[in-house]
Amino acid sequence: MLLKVKILQRSERVMSVRQAVTIDEIKRMLIAAPTEQQALFITLLWYTGGRCSEVLAIRPENINPGVIILPNLKQHHKSGKIPYKVVYVPEVVTERVQAYIEESTIHGFIFSVTGSKPWHRGSAWKIVKRIALAANVIK
């Protein structure tokens with residue numbers, strides 16, 4: 001049995017959600033973020049390029065000057081251990097994260113309500129969408 005497949009030209013492709021944001025849009029989102037924690041979440045998504053669940057899994061021990069260690073949740077090692085990936089970011093970013101950790105006295109996950117469990121991924125995306133709407137990044 002043969003299947004007919006139509007290859008769409010670039011101008012014909014339809015995307016329901018844009019795949020990238022500009023630096024100007026990120027700046028607007030950071031201004032629109034109602035809390036420091038939410039602005040920090042947007043910042044880390046932008047600078048690390050990590051998946052939402054990877055950024056949510058960051059703990060204070062994953063932050064080093066100029067380096068953030070993200071758990072690579074897409075890949076699983078045979079031993080059951082989660083592999084990590086090292087992401088280099090400007091030191092000002094890690095300094096901001098460290099300052100937030102010290103001010104908030106966080107001991108568990110950085111992006112959590114209680115410190116023991118991270119935000120749910122769906123809740124995190126709702127926060128991002130709400131901030132993007134407030135910043136007029138998406139309509």
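**View 1. Arg 51, Glu 54 and Lys 85 form a linked network of salt bridges.** In this predicted model, the pairing of Glu 54 with Lys 85 brings their side chains together at a distance of 3.2 Å from N to O. Because Glu 54 belongs to helix α3 whereas Lys 85 belongs to strand β3 (residues 84-88), this pair ties together parts of the chain that are 31 residues apart in sequence.

**View 2. Glu 36 and Arg 96 are joined by a salt bridge.** The closest N and O atoms of this pair lie 3.2 Å apart.

**View 3. Asp 24 and Arg 28 meet through their side chains in a salt bridge.** The distance from N to O is 2.9 Å, and the two residues, which stand four residues apart in helix α1, are separated by about one helical turn. Asp 24 is partly exposed, with a relative accessible area of 46%, and Arg 28 is likewise partly exposed, at 29% relative accessibility. In the whole structure, a search finds four salt bridges.

**View 4. The largest nonpolar core contains 33 residues.** Within this core, the residues that touch the most other members are Met 29, Phe 41, Leu 44, Ile 58, Ile 110 and Phe 111. Two or more core residues come from each of the helices α1 (23-32), α2 (36-48), α3 (52-56), α4 (91-104) and α5 (121-134), and also from the strand β2 (67-71). Helix α2 gives the largest share of the core, with six residues.

**View 5. Phe 41 is shown with the residues it contacts beyond its neighbours within four places in sequence.** These contacts are with Cys 52, Val 55, Leu 56, Phe 111, Trp 119, Ala 124 and Val 128. Two of the residues in this view, Phe 41 and Phe 111, are also among the core members that touch the most others.

Definitions and conventions:
Residues numbered from 1 in each chain as written. Predicted model: local features only at pLDDT ≥ 70, side-chain atom pairs only at ≥ 80, totals over all residues. Heavy atoms only, no water. Core = buried A, V, L, I, M, F, W, Y, C linked by side-chain atoms within 4.5 Å. Buried < 20%, exposed > 50% of the residue type's maximum accessible area, 1.4 Å probe, protein only. Contact = heavy atoms within 4.5 Å.
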